[in-house]
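Here is a short briefing on one protein chain. Look through the sequence and the structure first.

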Amino acid sequence: MSDEKKGPEPKGLARNAANYGDKEFALYLRRSFAKSMGYSAEALKRPVVGIVDTGSDLNNCHRTAPELIEAVKRGVLMAGGLPLAFPTISLCEPYLTPCSMHYRNLMALDTEAMIAAQPMDSVVLIGGCDKTVPAQLMAAASAGTPAVQLVVGPMSANRYQGERLAACTDCRRYWARYRAGEVSGERIQEIEGSLAVTAGTCGVMGTASTMACLTSTLGFMPLDAASIPAVHSDRLRAAEEAGAQAVRLIHKPVRPDEIITEKSVENALRVLLALGGSTNALVHLAAIAGRVGIKIDYHRLNELSDTTPVLVDLKPTGEGYMEDFHTAGGMVALLHELRDLLHLDTKDLDGVTLADRIGAGPAFVDRTYIKARNEPVSPVGGIVSLFGSLAPDGAILKRSAATPSLFEKEARCLVFDGVEDLAARIDSDDLDVTADDITILKGAGPLSTAGFPEAGYLPIPRKLARQGVKDMVRMSDCRMSGTAFGTVVLHISPEAEAGGPLGLVKTGDRIRLSVENRSLDLLVDEAELAKRRAEWKAKSEPKRGWDALVHREVLQAPQGADLRFLLPEGR
Ligand code: FES
Ligand code: MG
């Protein structure tokens, strides 16, 4: 990325004109059809900025998409470009079956194809809800078109009867109290309308917020744009700036793979750890990096985790909300604290180094939410990876959201074979379980028909919840919401459905977890495992459509659960 670099002449509407033997005619046709929308000949000569519209009546998080698009358009027009918005798939967490993750790669495929197929010189990606930003960055990395990320921003916390509420973590907290019989049915219904009251992504440091912070670290948007609230006027100014940025990129192009580098990915991992961020971001970052041929090494993750303090004190692990992080100094304050741990020579879309982006830090930092290095929330990072006979290719644990007294544990396990089995039995009064057991969910990884859901936060069995049990060791081959908390081992790889050792585990087996040794072992002798392996069968395979394609091509969690055929050629 040289500062002198000039791009090729923008092609605008002429880019990728179809060629059925008479290219001139194809372009003539395209222009005449574009004129049917009222554009002048002058407008159609301008370089084109595509704007990905992910607004949808099934996406509450993105309900400001129309006004953001207007602001992006203003920025593009002021900078001399022609803004053309177009729709892609939109994914919002609560509305998809079997789960939104099952469709992240479909959104990436759709977005990549539409960026590559339609005429645009650069693109603004409007995303926000958990799977959307990863899908868009995966798409941009593969399409190679200069891309700016704009997130919709986090929702604002509600004030409700003396407390603050902003979606998932609070939803979970109240629901757990309801399950335990501490909150009545009437009250839980009354609170339903108070948990999420503005547009924007979940207001805590969940997956959406974490991905916004990582995306700004990578350089796809300004640092402060990661956390501006969805409903704040600054969010519209950020959108206007995203439009202007997209025009600058046309004249001085930077391909996405020039800023997704070994160093910038490592910076993003540091930030993930320092945020105490979502475990899902690890899967998404692996998928984004994988699109340019970079692999995330779980052993390196542990080295980074041991040398990166958690500095941000937001829910689900702490007390604050994203609006607090923003006013506390946001990403600039955080990166300023971390600067000696970062590769400061990585560059953003304007070619500005991370050192210059951080500068001298913000004028004001609220230490309630962004701690100084000498007073961290935790001296070590939020996530560790574990290896052992139960997880030969690794598993992860969000230690910042877990109970330290459960870190070293050997116990018998209670196994649920798939999400239906879990739902059918977890609340039965005669379930043979104590708080000292380990509950396991298998058959919910990327290959499973469950689609790698956020089911890894296994509920505390109702009979234990009623006894006041708040946490116990839980394990699975699936994911957990970034807004959840507990001693939960996730992403066990290879997953059960891929024939991993997890698929052989039976109720009553003993398991040993040691966070100190970073190990996870199944204490069953090899002869018994060989017998079980000989009897093991994969569940039925989907035969058609997207499900069949996923089943044929999906990779495991450490590779980002991307589809094999979407990796760069030769990987
Ligand atoms: Fe969209 Fe939480 S549901 S960010
Ligand atoms: Mg989430």
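This is a predicted model: local features need pLDDT of at least 70, side-chain atom pairs count only at pLDDT 80 or more; totals for chains, interfaces and linings use all residues.

Residues are numbered from 1 along each chain as its sequence is written, while chains are lettered from A and ligands numbered from 1 in the order in which they are written.

**Domains**
- The domain assignment, which is automatic or from a database, gives domain 1 (47–156 + 198–358), domain 2 (158–192) and domain 3 (383–564).
- Between domain 2 and domain 3, the C-alpha centres are 28 Å apart.
- Six residues of domain 2 and seven residues of domain 3 make the contact (C-beta atoms, placed from the backbone, within 7 Å).
- On the domain 2 side, two residues are nonpolar, two polar and two charged.
- Here Ala, Val, Leu, Ile, Met, Phe, Trp, Tyr, Cys and Pro count as nonpolar, Asp, Glu, Lys and Arg as charged, and the others, Gly among them, as polar.

**Helix 4 and helix 5**
- Helices are DSSP runs (H or I, at least four residues), and strands are too (E, at least two), numbered from the N terminus.
- The axes of helix 4 (residues 101–117) and helix 5 (residues 132–143) come within 8 Å and cross at roughly 40°.
- Axes are lines fitted to C-alpha atoms, for helices over the stretch in contact, and angles run from 0 to 180 degrees between N-to-C directions.
- That angle makes helix 4 oblique to helix 5 (under 35 degrees is roughly parallel, over 145 roughly antiparallel, 65 to 115 roughly perpendicular, and the rest oblique).
- The residues of this contact divide into ten nonpolar, four polar and two charged.

Definitions and conventions
Two residues are in contact if their C-beta atoms, placed from the backbone, lie within 7 Å.
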